[in-house]
Amino acid sequence: MNFLDRNEFNFAPSQAVTEALKNFDAGKLCFYTRIYDTGRKSIVSVYLSELYGVEESRVLLGYGGEDILKNAVHYYLTDACGNRTILIPQFSWWYYKSIADEVDGTTIQYPLHETETTFRYDIDEIVRTAGQVRPRILLLASPNNPTGNGLTPDELDRLLAALPKDIIVLTDEAYASFVTGDISYVSRLVDKYDNLIIVRTLSKFYGLPGLRMGFGFVGRGQEKFLRYSNKYLGYNRLSEDVALAALQSEEHYREVARVMNEGRRMYAEELGALPGFKVYDSVANFILIKYPIALKPALQEALAAEDCKIKFMNEPGIDTHLRITLGRAEQNRLVCDTIKRIAQAG
Ligand SMILES: Cc1ncc(COP(=O)(O)O)c(C=O)c1O
């Protein structure tokens, strides 16, 4: 089966990841880590602290990005402020509303604007909406799933500068490593804005969704939240070794991202030329495509016959769209050819 529906990794892990697993000393699992005796939480948070230049105490770790997002939403929507409102992008990951619902939060959406080749955030509009709604949390996703658009570090800075400081700005950067390897803005912004939380993951660029390892960075002055999200007996020690190996394999994963880019270009050129199709710019490991909705049953049948799973979107406003994970060259070719065959027959 070709799993191209959930933005997973259809490539091999790096050599270092495979070796970390092979060489893991099972005896380590017989003990909790002792790193907390030194006031730190994990070998991974120590490594990330050095890599990103953010104090270790302000580095978060979690069971995937989802865990960190859930922790932050649950904590801030139920804290002493009494404000349970979260603002999220109009077309975004369903999970944001779901975790707010879990604590009886109120979710309000702000618009994403469709342009010729992409969607975009309107920063002034977000600032205005946040000023009116006064949410406890403003959630940004950059790049956003499924629309694929994001904010530049300068745009994020401009947005943060204009927002009231009592709003927690929770920025989901699950796909950000695909945009650039330049991570210097992360410390610059979390050092500048106390209300900023940036969430990243090893599931996408580093290709380890099955590892369940996410990380994040928090502005100053959020000690209570850091205590709330901490795991006092440490983290999974096998995952820690594998995570370090992945973080040290940048070259391997950059090469995979390059292959994904070739797939992205192929979809844009070949499907973008079909009548009724629109391929959006994307910077993540997936691509969003608008298609003639009448083709849906035939596309579903043909892709299933080729053992290919892709995502047929069904949220209002974005329900004539496909989201396809960028896979290996032959997988991309197969999906592209199958869609072309159905489009040309129909
Ligand atoms: C936008 C976005 N954020 C976060 C995640 C979380 O992934 P994980 O929990 O595997 O880190 C996903 C997964 O698909 C996602 O699409």
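## Asn 7 and its loop

Asn 7 sits in the loop between β1 (2-4) and α1. Helices here are DSSP runs of H or I with at least four residues, strands are E runs of at least two, and both are numbered from the N terminus. Asn 7 is not a glycine, yet its phi is positive, about 55°. Most residues other than glycine have a negative phi. Is Asn 7 buried or exposed? Asn 7 counts as buried, because its relative accessibility is 1%. Buried means under 20% relative accessible area, exposed over 50%, and partly exposed in between, with a 1.4 Å probe and protein chains only.

This is a predicted model, in which local features need pLDDT of at least 70 and side-chain atom pairs pLDDT 80 or more, while totals for chains, interfaces and linings use all residues. Residues are numbered from 1 along each chain as its sequence is written, and side-chain values use heavy atoms, without hydrogens or water.

## The ligand site

The ligand is surrounded by 13 residues. A residue counts here if one of its heavy atoms lies within 4 Å. Gly 65, Asp 172, Thr 201, Ser 203 and Arg 212 are the closest. Helix α3 (residues 64-77) gives the largest share of this shell, three residues. By class, the shell holds four nonpolar, five polar and four charged residues. Nonpolar covers Ala, Val, Leu, Ile, Met, Phe, Trp, Tyr, Cys and Pro; charged covers Asp, Glu, Lys and Arg; the others, Gly among them, are polar.

Which residue has an N or O side-chain atom 2.6 Å from a nitrogen atom of the ligand? That residue is Asp 172. Lys 204 places a polar side-chain atom 2.8 Å from a ligand oxygen. The backbone contributes too: a polar backbone atom of Glu 66 is 3.0 Å from an oxygen atom of the ligand. On its own the ligand has 400 Å² of accessible area, and the protein covers 92% of it. These areas come from the Shrake-Rupley method with a 1.4 Å probe.

The ligand takes up the space of the largest pocket. On a 1 Å grid over the protein atoms alone, a pocket is an open set of points where a 1.4 Å probe fits, with protein on both sides within 12 Å along at least five of seven lines. A molecule sits in one if more than half of its atoms lie within 2 Å of its grid points.

Arg 212 is one of the closest residues to the ligand. Arg 212 belongs to the loop between β9 (196-201) and β10 (214-218). Its phi is positive, near 60°, and Arg 212 is a residue other than glycine.

## Two cis peptide bonds

Most peptide bonds are trans. Ser 142 and Pro 143 are joined by a cis bond, with omega about -10°. Where does Pro 143 lie? Pro 143 is in the loop between β7 (137-141) and α6 (153-162). Pro 146 is in the loop between β7 and α6 as well.

## Ser 282 and Arg 264

Ser 282 lies in the loop between β11 (278-279) and β12 (286-290). Its side chain makes a polar contact of 2.6 Å with the side chain of Arg 264. Such a contact is a pair of N or O atoms within 3.5 Å; within protein, one must be able to donate a hydrogen and the other to accept it, and sequence neighbors count only through side-chain atoms on both sides. Ser 282 is buried because its relative accessible area is 10%.

## The loop between α1 and α2

Ala 26 is in the loop between α1 (15-22) and α2 (43-52). Ala 26 counts as exposed because its relative accessibility is 53%. The C-alpha atom of Ala 26 is 8.3 Å from that of Leu 238, though 212 residues separate them along the chain.

Cys 30 lies in the loop between α1 and α2. Its relative accessibility is 61%, so Cys 30 counts as exposed. Cys 30 and Arg 237 are 207 residues apart in sequence, with their C-alpha atoms 10.0 Å apart.

Leu 226 is part of helix α8 (residues 223-229). Leu 226 is buried, at 13% relative accessibility. From Leu 226 to Leu 112 the C-alpha separation is 31 Å, across 114 residues of chain.

Thr 325 belongs to strand β14 (residues 321-325). Thr 325 is buried, with 0% relative accessibility. Its C-alpha atom is 27 Å from that of Asn 71, 254 residues away along the chain.

Notes:
1 Å grid on protein atoms, 1.4 Å probe; cavity = no way out; pocket = protein on both sides within 12 Å on 5 of 7 lines; lining within 4 Å.
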